[in-house]
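Welcome! Take a moment to look over the sequence and the model below, and then we can walk through them together.

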Amino acid sequence: MRTILPFAVLLALAACAAPTHWEKPGISEETKDTDLTICRRAAARQGLMNYPSAVNAPPGWAYQQQWAIMDTYSDDYRYHADIQQTAACMRYKGYQQVPVSN
């Protein structure tokens, strides 16, 4: 029961989160998609610089245990950094993240 409770709480919180999208008055859907792609690519580049992958490990070391753990660590932090960097870029371009209306 102790191991199921945290997962149940996380699932309940995830169900409460409302989906969102980016909006900016006077901008077409194509322009928004282009800006979002630019921001995602820039965030991915920045994320790889801040949290490199084990692919960049010294030759022969990439498959050793400590590099595998560091790669998992980097992937986790890179994922969250990419989301934050993308959001910062879109806000800088003048977009707002708003809930999706049904």
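## A first look at the chain

The protein chain has an accessible surface of about 8200 Å², and carbon and sulfur atoms account for 61% of that surface. Please keep in mind that this is a predicted model. The chain holds 102 residues, of which 17% are buried. Three helices and two strands make up its secondary structure elements, and along the sequence they follow the pattern α-β-α-α-β. If you take the contacts between residues at least 6 apart in sequence, 81% of them join residues at least 24 apart.

## Following helix α2

Let us now turn to one helix. Helix α2 has 22 residues and reaches 31 Å from its first C-alpha to its last, which is close to the 32 Å expected at 1.5 Å a residue. Which residues of α2 are buried? They are K32, D35, L36, C39, A43 and G47. Seen down the helix axis, the buried residues of α2 fall within an arc of 105 degrees, so they line one face of the helix. On the other side of α2 you will find E30, R41, R45 and M49, which are exposed.

## Two charged residues that pair

Side chains of opposite charge can pair when their charged atoms come close. In this model the count comes to one salt bridge. The side chains of K32 and E29 form a salt bridge, with 2.9 Å from N to O. Both K32 and E29 belong to helix α2, where they sit three residues apart, about one turn of the helix. Here is how accessible each partner is:

| Residue | Relative accessible area | Class |
|---|---|---|
| K32 | 15% | buried |
| E29 | 47% | partly exposed |

K32 counts as buried because its relative accessibility is 15%, under the 20% cut-off.

## A buried charge without a salt bridge

D35 also has its place in helix α2, which covers residues 29-50. How far away is the nearest side chain of opposite charge to D35? That side chain is K93, and it is 4.1 Å away. A salt bridge needs a side-chain nitrogen within 4 Å of a carboxyl oxygen, so D35 is buried yet has no salt bridge. Leaving aside neighbours within four places in sequence, D35 is in contact with M90, K93 and Y95.

Methods. Residues numbered from 1 in each chain as written. Predicted model: local features only at pLDDT ≥ 70, side-chain atom pairs only at ≥ 80, totals over all residues. Heavy atoms only, no water. Helix = DSSP H or I, 4+ residues; strand = E, 2+ residues; numbered from the N terminus. Buried < 20%, exposed > 50% of the residue type's maximum accessible area, 1.4 Å probe, protein only. Lys, Arg positive; Asp, Glu negative; His and termini not counted. Contact = heavy atoms within 4.5 Å. Areas by Shrake-Rupley, 256 points an atom, 1.4 Å probe, with all protein chains shown as cover. Expected span 1.5 Å × (residues − 1). Arc of directions from axis to C-beta.
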